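Hello,

Here is the structure I promised to hand over. My notes on it follow below.

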Amino acid sequence: MTTPPPAPARKHFSMIRGFHLADVFTLGNAACGVGAVFLAMAFMASQSVAQFFWAAALAPAAFVFDVFDGRIARWRQTHSALGRELDSLADVISFGVAPAALAFAAGLDGGWDCVLLIYFVCCGVSRLARYNVTAEALSAGADKVKYFEGTPIPTSVVLVGVLALAAWQGRIGDAVWGGAWVIGPWELHPLTLLFALSGTLMISKTLRIPKF
């Protein structure tokens, strides 16, 4: 009776050596998102509108990093499972959690507002998860996906722009655009409905956005 050969030793995965240039830009995206959350919290403590504007400015900065990481990966042909997961996690922070935190800091802090902001973030997480599991099928053997199912999560930069404009006009906090409605036990600020709409469009199955 022969002894079966030993199983090959599992190669140790080195995260640092597994990083590519594109992944550095992806981490820049994540850093912008975390910075925006910190600045939103700092604004709530100090009410310094400058901190609010800096938080809002980090959203387009994160978008720039997000655009370049994909282009660099295609240019250097360094697509990897690690890079794809890093990109999704960074996007959740910068284009999901950070806009929701900025909205809360801007005064969209009623009970129904919180429900809708949580819904918005959960839609973003679901949208990214669906993209990860369907990207290969949607690309049909090409180098990249031809279209998005639902709006991409970076479109939340538009929502941040709306909040920044409101802050510029002094229409945040108690003076937030649209005022507040009391519905049952909680308040709802109508402006939060934009986040609910954005989240719903992200998880749409029928809406197809061409990817250029």
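Start with the largest cavity: α2, α3 and α4 each supply at least two residues of its lining. Helices here are DSSP runs of H or I with at least four residues, numbered from the N terminus. A cavity is a set of points on a 1 Å grid, over the protein atoms alone, where a 1.4 Å probe fits but cannot get out; lining residues have an atom within 4 Å of a point.

Some ground rules. This is a predicted model, in which local features need pLDDT of at least 70, side-chain atom pairs count only at pLDDT 80 or more, and totals for chains, interfaces and linings use all residues. Residues are numbered from 1 along each chain as its sequence is written, and side-chain values use heavy atoms, with hydrogens and water left out.

Back to the largest cavity. It holds about 50 Å³ of space. Volume means the space filled by probe spheres set on the points, which are joined across faces, edges and corners. The lining is C32, G33, A36, A55, L58, A59, A62, S94, A98, P99, L102 and V160. By class that gives 10 nonpolar, two polar and no charged residues. Nonpolar covers Ala, Val, Leu, Ile, Met, Phe, Trp, Tyr, Cys and Pro; charged covers Asp, Glu, Lys and Arg; the others, Gly among them, are polar. The model has two cavities of 30 Å³ or more.

Next, the second largest pocket. A pocket is an open set with protein on both sides within 12 Å along at least five of seven lines. The volume of this one is about 150 Å³. Its lining consists of F43, M44, Q47, V49, F104, A105, A106, G107, D109, I172, G173 and D174. Seven of the lining residues are nonpolar, three polar and two charged.

Q47 deserves a look. It sits in the loop between α2 (21-46) and α3. Its phi is positive, about 60 degrees, although Q47 is not a glycine. Q47 is exposed, because its relative accessible area is 54%; exposed means over 50%, buried under 20%, partly exposed in between (1.4 Å probe, protein chains only).

Last, D66. This residue is in helix α3 (residues 49-76). D66 counts as buried because its relative accessibility is 14%. Leaving out residues up to four places away in sequence, D66 touches N29, D87, D91, F95 and P154. Contact means heavy atoms within 4.5 Å.

Best wishes
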